[in-house]
Amino acid sequence: MNILIIYAHPEPKSFNGALKDLAVSELTSLGHHVKVSDLYTMNFKAVAGREDFIELQNDKFFKYAVEQKNAVKTKGFSKDIEEEQEKLLWADFVIFQFPLWWYSVPAILKGWFDRVFASGFIYSGDMRYDTGGLKGRKAMLSITTGSPKHAYTPFGMDGDIHEKILYHINHGMLYFSGMEPVEPFIAWTPSHDEEDRQMYLERYKERLNRLTEIPSIRYHSSTNYGPDHQLKDKYR
Ligand SMILES: Cc1cc2nc3c(=O)[nH]c(=O)nc-3n(C[C@H](O)[C@H](O)[C@H](O)COP(=O)(O)OP(=O)(O)OC[C@H]3O[C@@H](n4cnc5c(N)ncnc54)[C@H](O)[C@@H]3O)c2cc1C
């Protein structure tokens with residue numbers, strides 16, 4: 001498979017760095033083709049703006065999604081965006097490696113989504129979710145946390161990790177783009193205990209060896225919703 005790793009951590013010696021390095025070596029030794037977008041090393045621009053386009057369709061009133069749509073047609077994205085989009089089209093499987101920051105992705109990765117997951121490329125009026133532009137690809141979040149596992153349960157202090165914390169990424173970004181998100185890999189509180197860290201590295205290695213067997217997260221097909229954007233009664 002062609003596997004793309006989107007990696008967002010500012011410190012190469014971090015535990016996130018160790019998980020990314022492990023993925024590169026393990027997946028390569030399994031015969032996969034691996035590319036890494038190391039966003040901090042690339043100094044990836046996180047803030048969307050006018051300079052993301054070679055030419056503006058309307059420079060009197062700047063509307064980001066309209067310019068994105070135009071850039072898809074004219075091949076008019078800045079080079080950094082174009083390169084990331086090409087990597088996505090090349091990939092069969094995308095791994096997102098990052099620490100959970102404020103219940104979400106670090107800003108540099110949020111900016112990557114804003115700029116790379118462009119209107120007209122990833123989505124349009126009738127192209128989203130199971131008809132999104134990246135259909136046919138799988139994606140997996142590989143994250144680390146500061147809070148422990150029991151804080152991320154339905155009655156835990158931080159809320160259910162799947163339904164409350166990661167839903168906006170897995171459903172709102174990955175599934176929205178057409179990709180099929182699989183169960184995330186989570187290393188809980190890796191800063192506390194060396195024994196835990198070794199266990200997580202071992203578990204991650206096992207997971208990388210069976211990437212194609214990881215269960216997908218089940219979301220409704222877009223046809224299960226009516227024109228009012230509500231889930232049809234028979235699917236409730
Ligand atoms: C802005 C911000 C917001 C945050 N928001 C949240 C939040 O909303 N929810 C939450 O739960 N947490 C939050 N956190 C905490 C954050 O998620 C954790 O600090 C982070 O996930 C820990 O991962 P790390 O890679 O940064 O760990 P590091 O601290 O870099 O690494 C942990 C330890 O692993 C060691 N290590 C590195 N490589 C290896 C190796 N190969 N083998 C063994 N050990 C190794 C390192 O030396 C280090 O001692 C936040 C932190 C910040 C800065």
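A residue counts as buried under 20% relative accessible area, as exposed over 50%, and as partly exposed in between. By this division, Lys110 is partly exposed, because its relative accessibility is 37%. The structure described here is a predicted model. The briefing covers the fold of the protein chain, the surroundings of the ligand and the salt bridges.

**Overall fold**

- The protein chain contains seven helices and six strands.
- Read from the N terminus, these elements follow the order β-α-β-α-α-β-α-β-α-α-β-β-α.
- The protein chain is as compact as a globular protein of its length, because its radius of gyration of 18 Å is close to the 18 Å that the globule rule gives for 236 residues.
- The C-alpha trace extends over about 55 × 45 × 35 Å along its principal axes.
- Buried residues make up 48% of the 236 residues in the protein chain.

**Surroundings of the ligand**

- The side chain of Asn16 places an N or O atom 2.8 Å from an oxygen atom of the ligand.
- Ser147 takes part through its backbone, where an N or O atom is 2.9 Å from an oxygen atom of the ligand.
- On its own the ligand has 1000 Å² of accessible area, and the protein covers 65% of this.

**Salt bridges within helices**

- The structure has twelve salt bridges in total.
- Asp114 and Lys110 are joined by one of these salt bridges, with an N to O distance of 2.9 Å.
- Asp114 and Lys110 are four residues apart in helix H4 (residues 107–116), so about one helical turn separates them.
- Glu194 and Arg197 form another salt bridge, in which the closest N and O atoms are 3.0 Å apart.
- Because Glu194 and Arg197 are three residues apart in helix H7 (residues 194–208), they are separated by about one helical turn.
- Glu194 is partly exposed, with a relative accessible area of 43%, and Arg197 is partly exposed at 23%.

**Salt-bridge network**

- Shared partners link the salt bridges of Lys45, Glu51, Asp52, Asp80 and Arg115 into one network.
- Within this network, Lys45 pairs with Glu51 in a salt bridge whose closest N and O atoms are 2.9 Å apart.
- Lys45 has a relative accessible area of 27% and thus counts as partly exposed.

Notes. Residues are numbered from 1 along each chain as its sequence is written. This is a predicted model: local features need pLDDT of at least 70, side-chain atom pairs count only at pLDDT 80 or more; totals for chains, interfaces and linings use all residues. Side-chain values use heavy atoms; hydrogens and water are left out. A salt bridge is a side-chain nitrogen of Lys or Arg within 4 Å of a carboxyl oxygen of Asp or Glu. Buried means under 20% relative accessible area, exposed over 50%, partly exposed in between (1.4 Å probe, protein chains only). Helices (H or I, at least four residues) and strands (E, at least two) are DSSP runs, numbered from the N terminus. A polar contact is a pair of N or O atoms within 3.5 Å; within protein, one must be able to donate a hydrogen and the other to accept it, and residues adjacent in sequence count only if both atoms are side-chain atoms. Accessible areas come from the Shrake-Rupley method with a 1.4 Å probe; for residues, only the protein chains shown count as cover. The radius of gyration is taken over C-alpha atoms; the globule rule is 2.2 Å times the number of residues to the power 0.38.
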